Amino acid sequence: MTKITKQEVLDAALYRCAIRDYDPTKKISEENFNAILELARLSPSAMGTEPWKFLVVQNPQIREKLKPVSWGMKTQLDDVSHLVFLLAHKNMRWDSDFFRNKLQKLGLSGERLERKLDHYRNFQQNDIEILESERSLFDWASKQTYIALGNMMNGAAMLGIDSCAIEGMNYKAVTEILVAEGLFDPAEYGVSVAVTFGYRSDKELLPKSRKKMDDLVIWAK
Ligand SMILES: Cc1cc2nc3c(=O)[nH]c(=O)nc-3n(C[C@H](O)[C@H](O)[C@H](O)COP(=O)(O)O)c2cc1C
């Protein structure tokens, strides 16, 4: 691996900021966008579940339909190069086909497979406590998608590509539109978060504002 410098990493983090005004004349190349997707695909996830799909909406008619129900990005939808919805897998219970199939693919069977599933049960039930509702299970999968989200946005910044994470939407209405287009099965997946990618316009940006390091970090030395 060719190492990039600490300063290059920090420069990309400083360059990245939520862009709401994109330059409509600049589009991301296929090669660069594929790299952003690759960053999503390579992201880590709890128990290696990869509980996600990445739905790229380039169709202008679908984007138009999304405008009235997505206040957080409606001004971006005409100009932005790429729009991605991060979908999270539903019903990620330890005893679902999802886990069984995953373990079988890894070559586990019989007692070894059952022991592993029981480990997952204990983790979901007693450690992270997410078995009480479908919503908490979905939120667990959804948390994993935010790791992919961060990797995509930071990686994009390193390529000089801008982005904006999007939660500003009516999730039910957005889901209905995407499902009506036949883009995913709502029994299996749900919308976790969206993100836009493109190149910033020349509109002036606010200076970056962050809490001080001392207010954020707790050391136990
Ligand atoms: C999960 C998430 C959801 C966000 N949703 C929206 C959104 O819907 N619309 C928007 O304009 N900005 C959205 N933002 C951008 C934040 O407002 C922005 O990242 C934050 O104010 C920090 O500013 P910076 O990213 O420019 O450093 C979102 C950011 C995150 C991380």
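Predicted model: local features only at pLDDT ≥ 70, side-chain atom pairs only at ≥ 80, totals over all residues.
Of its 15 lining residues, Lys 90, Arg 135, Phe 138, Gly 190 and Val 191 sit closest to the centre. Three elements, α6 (134-158), α7 and β4, each put at least two residues into the lining. The biggest share comes from α6, which supplies five residues.

The largest pocket comes out at about 430 Å³. Its lining runs to 17 residues, and those nearest the centre are Cys 17, Ala 18, Arg 20, Leu 205 and Leu 206. Here the class tally is seven nonpolar, two polar and eight charged residues. As for the idea behind such a search, rolling a probe the size of a water molecule over the atoms shows where empty space is left.

Now for the overall layout. The protein has seven helices and four strands, and from the N terminus on they follow one another as α-α-β-α-β-α-α-α-β-α-β. Taken along the principal axes, the box filled by the C-alpha atoms is roughly 60 × 55 × 35 Å.

The four strands make up an open sheet, ordered β1-β2-β4-β3 and paired in the antiparallel sense. At the edges stand β1 (52-56) and β3 (162-166); each has just a single partner strand, so one side of each goes without a neighbour in the sheet. On average, neighbouring strands here are turned by 25° against each other, with direction ignored. In general terms, strands of a sheet pair through backbone hydrogen bonds, either parallel or antiparallel.

Looking at one pair in detail, β1 and β2 (residues 82-89) are joined over five bridges, again antiparallel.

A pair of packed helices is described by the angle between their axes and the distance between the axes. For α2 (residues 30-41) and α6, the axes come within 8 Å and cross at roughly 145°, and the crossing is right-handed. On the α2 side, the contact is made by Ile 36, Leu 37, Leu 39 and Ala 40, while α6 brings in Ala 148, Asn 151, Met 152, Gly 155 and Ala 156. By class, the residues of this contact come to seven nonpolar and two polar, with no charged ones. So much for the helix pair; α6 itself is also the element that gives the most to the lining of the second largest pocket.

Methods:
Residues numbered from 1 in each chain as written. Heavy atoms only, no water. Pairing = 2+ DSSP bridges. Axes fitted to C-alpha atoms, helices over the stretch in contact; angles between N-to-C directions. 1 Å grid on protein atoms, 1.4 Å probe; cavity = no way out; pocket = protein on both sides within 12 Å on 5 of 7 lines; lining within 4 Å. Points joined across faces, edges and corners; volume = space filled by probe spheres on them. Nonpolar A, V, L, I, M, F, W, Y, C, P; charged D, E, K, R; others polar. Left-handed = near helix turned anticlockwise from the far one by under 90°. Contact = heavy atoms within 4.5 Å.
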